[in-house]
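Have the sequence and the 3D view ready as you read.

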Amino acid sequence: MRTSRRLPIHSHNRMAYAFLLPWLIGFFCLTLGPMLGSLYLSLTKYNLLRPPEWIGFANFKQIFTNDATFTHSLQLTFVYVLLSVPLRIIFALLVALALNKGIRGLGIYRTVYYIPSLLGGSVAISIVWRQIFDSEGVMNAFLGWFGLEGPAWIANPDYLIYPIVTLSVWQFGSAMVIFLAGLKQVPADLYEASQVDGAGKIRQFFSISLPMLTPVLFFNLIMSIINSFQAFTPAYVIGDGHGGPLDASMFYTLYLYLKGFSYFDMGYASALAWIMLLIIAVFTGIIFATSRFWVFYGDGKEGR
């Protein structure tokens, strides 16, 4: 009779370390190492041509006390986040609700709606978007059919933010797929019981669907905020790479890029990067702290 032999505990540990080794190498070499290097450079004056010169917190002092472009870019980025995140989540949720009706060819529709997220805010898509919202582009031609005269979306600083926000909302596919997966997990007997009690579609949505989707909503909200703060390519392409016109597309990441790779002030750019990291961490922390009041899980307990 053959008896099974268990591997010694130290053998299991060696196997675990072997599986973790690639991840650990990637974490220390590609994540933690560059972060610590950036933190050091943020405390130096470094132009990529000469060795870094230690200046302490002078970069941060300059940013907060004597940098009007920093203040403008941060305000513009906040406006973009406040506009794009709710619109993208709402639009993704509405499309997910529409696709959750058991329609034929669901896989085809799901793939078609997910394509924009695969394409993303790439350079090619941003160029197409610039052409669509040109003064003689498709958008103004569409408005002309209704007797409306569209503005110069790209050339007018007051309107430039809207094409960029629209491009962000157009990339709703990832959030939509996650919402759709969450809707599939809602027990059907909850809807059947609510119908017996006379609840309509709107009441079912706010009393059943939305509470059951709060964990998914929580995840999509976190990811959307992080991605929106890091928006770069649309602002770079639509604004001709310099934040124009009149800094109307000078997003925070674009300003950081220009400081580091156009003006070769890498120390200053590193300080900007760490400020952005702290801002995203604060927003994420606030959402996590408040999630206990509005995120509900399948066991009926609120998030903790």
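The charged end of which residue sits over the ring of Tyr268? It is Lys259, whose charged end lies 4.6 Å from the centre of that ring. A charge sits over a ring if NZ of Lys or CZ of Arg is within 6 Å of the ring centre and within 35 degrees of the ring normal.

This is a predicted model, where local features need pLDDT of at least 70, side-chain atom pairs count only at pLDDT 80 or more, and totals for chains, interfaces and linings use all residues. Residues are numbered from 1 along each chain as its sequence is written, and side-chain values use heavy atoms, leaving out hydrogens and water.

Across the whole structure, a search finds 25 aromatic pairs. Rings of Phe, Tyr and Trp (its six-membered ring) pair if their centres lie within 6.5 Å; planes under 30 degrees apart count as stacked, over 60 as edge-to-face and the rest as tilted. Here are two of the pairs:

| Pair | Centre to centre | Angle between planes | Type |
|---|---|---|---|
| Trp129 and Trp170 | 5.3 Å | 45° | tilted |
| Phe218 and Phe288 | 5.0 Å | 90° | edge-to-face |

Trp129 belongs to helix 5 (residues 123–132) and Trp170 to helix 7 (residues 161–170), so their pair ties together parts 41 residues apart in sequence. Helices are DSSP runs (H or I, at least four residues), numbered from the N terminus. Trp129 is buried, at 10% relative accessible area, while Trp170 is partly exposed at 27%. Buried means under 20% relative accessible area, exposed over 50%, and partly exposed in between (1.4 Å probe, protein chains only).

Both Trp129 and Trp170 also belong to one aromatic cluster with Phe133, Trp153, Tyr159 and Tyr162.

Definitions and conventions:
Helices (H or I, at least four residues) and strands (E, at least two) are DSSP runs, numbered from the N terminus.
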